[in-house]
Amino acid sequence: MSLAAEPAGLPGGGSEAFGAAPISAIKTRVVSAPYRRPFRISSGVSNELISLVVEVHTADGDVGIGETSPMTAYTGETLAGVQAAIEEHLAPALIGRDPLDRAGAHVTMDAVLRGQQVAKAGLDIALFDLAGRISGWPVHALLGGSIRDRVQTTWVVGLGTLDEMAAEAAEYADRGFMHLKVKGGHDPAKDLELIRAVRAAIPADAELCLDANEGYDATTALPYLTKMSAAGLTLLEQPLPRWDLTGLVRLRDRLDVRVMVDESMHSLHDALEIARRGAADVLNIKILKVGGLHRALQIAAVAEAAGLAVKVGSMPELGVATLAAVHLAAAVPGATVAADLVGPLMVDEDPLAPTVFADCDGWIDVPKRPGLGHDV
Ligand SMILES: [Mg+2]
């Protein structure tokens, strides 16, 4: 029996009794905004944040708006590929379905197209926004509730000179950001100097995370990481290549600093394997890389079962996808590591949610309006 064999229509009993007419149309459009400063990580530099807005319409005229953004060097998906995946494969499979049946939507999407989590995430976010607007509930209520009224965010410092990076970290710490993440990964000796410089520039009780974006090997990096830990590094993100879970276990055994996986964890199955192997203390759950909020919540449950903390990460993305991350971080009890809600703060003006993230001091209020809480 195939779970995917359901015909179009309203499988699973349907939600017509709640006033939800079937999905009638799915549309996409590209939006972009220039970065305030070019964003540089170990895989390259970007001048512009480019996203795809995804609209899901029902036959009654209700609309849910989602957003997705491929960050190609990281996910392997491209903007054109994501758009084609949605328009040519996923939308035809979802049209006619019950818009409130999000679990069924994932079964259907996985049946017609393997992988392509970024494309599926855009649709998943739009379906959550739509369900919230139809029901009158904010998205966090659909995710189980809101155990936080506001969510703390990290400031992420892209690659630059040591002086530039320390100055930027200090600037944002002054604005109230008590979790600073710096990018590194090219050279552990230079990163040790960076950690010392940034640590000296920010408050003693601020969290300091280094994201090496897979740049180290365990043997070379270990002595430097030991010194970084002594110098006040409190969180180490993806130090090793994504496949090297054995190396991550080795680092965890030898370091006092918490280890977080990002590139190693793109699915529920990755999360389970990392938990089984003891390869991390923290899972970085990015809604776009795991296929949406539905999958993110499942992964958070694996983390909880394994005693792992959660960071709600980002690609980065603009305001709609970032709002989805705010609702997730509000709803997941184990999301105790500050989230990365920085995309809208990295552009001159966010075209999707210009007011929600303006003048951020390190905290974002959780929207109480139906759906995600944007005006797109
Ligand atoms: Mg990362």
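Where is the place of Glu214? Glu214 sits in the loop between E7 and H8. The model is predicted. Phi of Glu214 is near 75°, a positive value in a residue other than glycine. Most residues other than glycine have a negative phi, and most peptide bonds are trans. Glu214 counts as buried because it has 21 C-beta neighbours inside 10 Å.

**Backbone exceptions**

Met71 also has a positive phi, about 40°, although it is not a glycine. Its loop runs between strand E3 (63-68) and helix H1 (72-75). Met71 is buried, since 22 other C-beta atoms lie within 10 Å. Pro316 brings a cis bond: the peptide link from Met315 to Pro316 has omega near 10°. Pro316 is found in the loop between strand E11 (309-312) and helix H13 (319-331).

**Helix H8**

Which residues of H8 are buried? They are Ala221, Leu225 and Met228. Their cover includes helix H7 (188-201) and helix H9 (245-254). Strands E7 (207-211) and E8 (235-237) are also among the covering elements. After H8 comes Gly232, with a positive phi near 110°.

**Helix pairs**

Two packed pairs are set out here.

| Pair | Packing angle | Axis separation |
|---|---|---|
| H3 (residues 102-112) and H4 | about 160° | 11 Å |
| H10 (residues 268-277) and H12 (residues 293-306) | about 10° | 9 Å |

H10 is therefore roughly parallel to H12, as the angle of about 10° is under 35 degrees. On the H10 side, the contact is made by Leu268, Ala271, Leu272 and Ala275. On the H12 side, Arg295, Gln298, Ile299, Val302, Ala303 and Ala306 take part.

Why do H3 and H4 count as roughly antiparallel? Their angle is about 160°, and angles over 145 degrees count as roughly antiparallel, so the pair qualifies. H3 passes H4 in a right-handed crossing. Arg102, Ala105 and Met109 are the H3 residues in this contact. They meet Lys120, Leu123, Asp124, Leu127, Phe128 and Ala131 of H4.

H4 (residues 117-135) also holds Ile134. Is Ile134 buried or exposed? Ile134 is buried, because 21 other C-beta atoms lie within 10 Å. Ser42 and Ile134 are 92 residues apart in sequence. In space, their C-alpha atoms are 42 Å apart.

Notes. Residues are numbered from 1 along each chain as its sequence is written. This is a predicted model: local features need pLDDT of at least 70, side-chain atom pairs count only at pLDDT 80 or more; totals for chains, interfaces and linings use all residues. A residue is buried if 20 or more other C-beta atoms lie within 10 Å of its own, exposed if 12 or fewer, and partly exposed in between; C-beta atoms are placed from the backbone. Helices (H or I, at least four residues) and strands (E, at least two) are DSSP runs, numbered from the N terminus. Two residues are in contact if their C-beta atoms, placed from the backbone, lie within 7 Å. Axes are lines fitted to C-alpha atoms, for helices over the stretch in contact, and angles run from 0 to 180 degrees between N-to-C directions. Angles under 35 degrees count as roughly parallel, over 145 as roughly antiparallel, 65 to 115 as roughly perpendicular and the rest as oblique. A crossing is left-handed if the near helix is turned anticlockwise from the far one by less than a right angle, and right-handed if clockwise.
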